[in-house]
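Here is my note on the strands. Keep the sequence and the structure open as you read.

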Amino acid sequence: MTYCSEFSKTFPCFVSNDPKFTLRENKSSVSALNSSRDQIFLFKPDEFITTKKACDYLLLNCEKINCWYIELKGNNLDHAYRQITQTIQYTWQLLTESHKVNAVIVLTKVSTPNYNNTPSYLKFKKELDKRFKNKNTVVVISRTTQIQLS
């Protein structure tokens, strides 16, 4: 629980163990499902990272040492990668190699592209794997209504 305490001392947050809550940004939204009712620390990085573009949400599950960097985006996938990368760079001093990092990009205006072999995806995934010992996922989803936090 220490790293969540450090995050919450450093950055403003909301804490919830609700089984479902909605994340919104502009005209986009996604429901986060927390079926195990773990304590989730919810941050809005673009409210405290003012020097760079940041992703829309950072969620921490302190009990399972998981974090989710979430960007709700219309259609610019490369820009979403940059926003998540910049947020991770800004916050990773508070994370350890044992964290499971989940980068989730929700595209609302286009279908999910075939992104797994694009240069920007490969560079982004390589950076995550190097820092967090391959315990991470990058997911790009389109027009979805919910993501599972487990």
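**Notes on the strands**

1. Start with a pairing. Leu-33 has Gln-148 in S9 as its bridge partner. Strands here are DSSP runs (E, at least two residues), numbered from the N terminus. Two strands pair if DSSP finds at least two bridges between them.

2. A word on the source. This is a predicted model, where local features need pLDDT of at least 70, side-chain atom pairs count only at pLDDT 80 or more, and totals for chains, interfaces and linings use all residues. Residues are numbered from 1 along each chain as its sequence is written, and side-chain values use heavy atoms, leaving out hydrogens and water.

3. Now the sheet around that pair. Strand S3 (residues 28–33) runs parallel to S9, with 3 bridges. The open sheet has 3 strands, ordered S2-S3-S9, and its pairing is mixed. Strand S2 (20–25) and strand S9 (146–148) are the edges, each pairing on one side only. From one strand to the next, the twist averages 25 degrees (axes are lines fitted to C-alpha atoms, and angles run from 0 to 180 degrees between N-to-C directions).

4. Turn to strand S5 (residues 57–61). Of its 5 residues, 5 are buried (under 20% relative accessible area, 1.4 Å probe, protein chains only). Tyr-57, Leu-59 and Asn-61 lie on one side, Leu-58 and Leu-60 on the other, and both faces are covered.

5. S5 has antiparallel partners. Strand S4 (residues 40–43) joins S5 through 4 bridges, and Ile-40 stands opposite Asn-61. Strand S6 (residues 66–73) joins S5 through 5 bridges. There, Asn-61 stands opposite Asn-66.

6. Check the hairpin of S5 and S6. It has 4 residues between the strands, and Ile-65 takes a positive phi near 55 degrees.

Key
Buried < 20%, exposed > 50% of the residue type's maximum accessible area, 1.4 Å probe, protein only.
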